[in-house]
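Thank you all for coming; today I would like to walk you slowly through one part of a structure. Please take a moment to look at the sequence and the model before I go on.

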Amino acid sequence: MKPKYNCLHTSKVVAKWLKDNKSKVLEWPSQSPDLNPIENVWAELKRHVRARRPTNLTQLHQLCQEEWAKIHPTYCGKLVEGYPKHLTKVKQFKGNTHN
């Protein structure tokens, strides 16, 4: 697999070093919820805030804070605990989206 380097997330120096040293890297989109639990948290926050239909920036800010406070640490823990299973699936499907 030939890696694609995204300069937003990988410096040119690191990309060159990886290439020069023929290092194998697992590639996935930077916002892949499969391997990035925080993306699931952001999606959950957005879903709850949208459901409350803020009408201005002040209200949006307030609702974000309220909904963030409601996200229970066990939810985040479960996302992290599920990482090995998701990693296995991503490898199985060679980085393609799976459901």
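Let me begin with a question: against which helices do the buried residues of α2 pack? Before I answer, please keep in mind that what we are looking at is a predicted model.

Helix α2 runs over residues 37-51, which makes 15 residues, and from its first C-alpha to its last it reaches 22 Å, close to the 21 Å expected at 1.5 Å a residue. Within this helix, Val41, Leu45 and Val49 are buried, and because they cover an arc of only 65 degrees around the axis, they lie on the same side of α2. If you turn to the other side of the helix, you will find Arg50 and Ala51, which are exposed.

Now to the answer: the buried residues of α2 pack against α3, residues 57-70, and against α4, residues 73-81.

On the α2 side, the contact is made by Pro37, Asn40, Val41 and Glu44, while α4 contributes Tyr75, Cys76, Leu79 and Val80. Sorted by class, this contact has six nonpolar residues, one polar and one charged.

Finally, if you follow the chain beyond the end of α2, you come to Arg53, whose phi is positive, near 50 degrees.

Notes
Residues are numbered from 1 along each chain as its sequence is written. This is a predicted model: local features need pLDDT of at least 70, side-chain atom pairs count only at pLDDT 80 or more; totals for chains, interfaces and linings use all residues. Side-chain values use heavy atoms; hydrogens and water are left out. Helices (H or I, at least four residues) and strands (E, at least two) are DSSP runs, numbered from the N terminus. The expected span of a helix is 1.5 Å times one less than its number of residues. Buried means under 20% relative accessible area, exposed over 50%, partly exposed in between (1.4 Å probe, protein chains only). The arc is that of the directions from the helix axis to the C-beta atoms. Contact means heavy atoms within 4.5 Å. Ala, Val, Leu, Ile, Met, Phe, Trp, Tyr, Cys and Pro count as nonpolar, Asp, Glu, Lys and Arg as charged, and the others, Gly among them, as polar.
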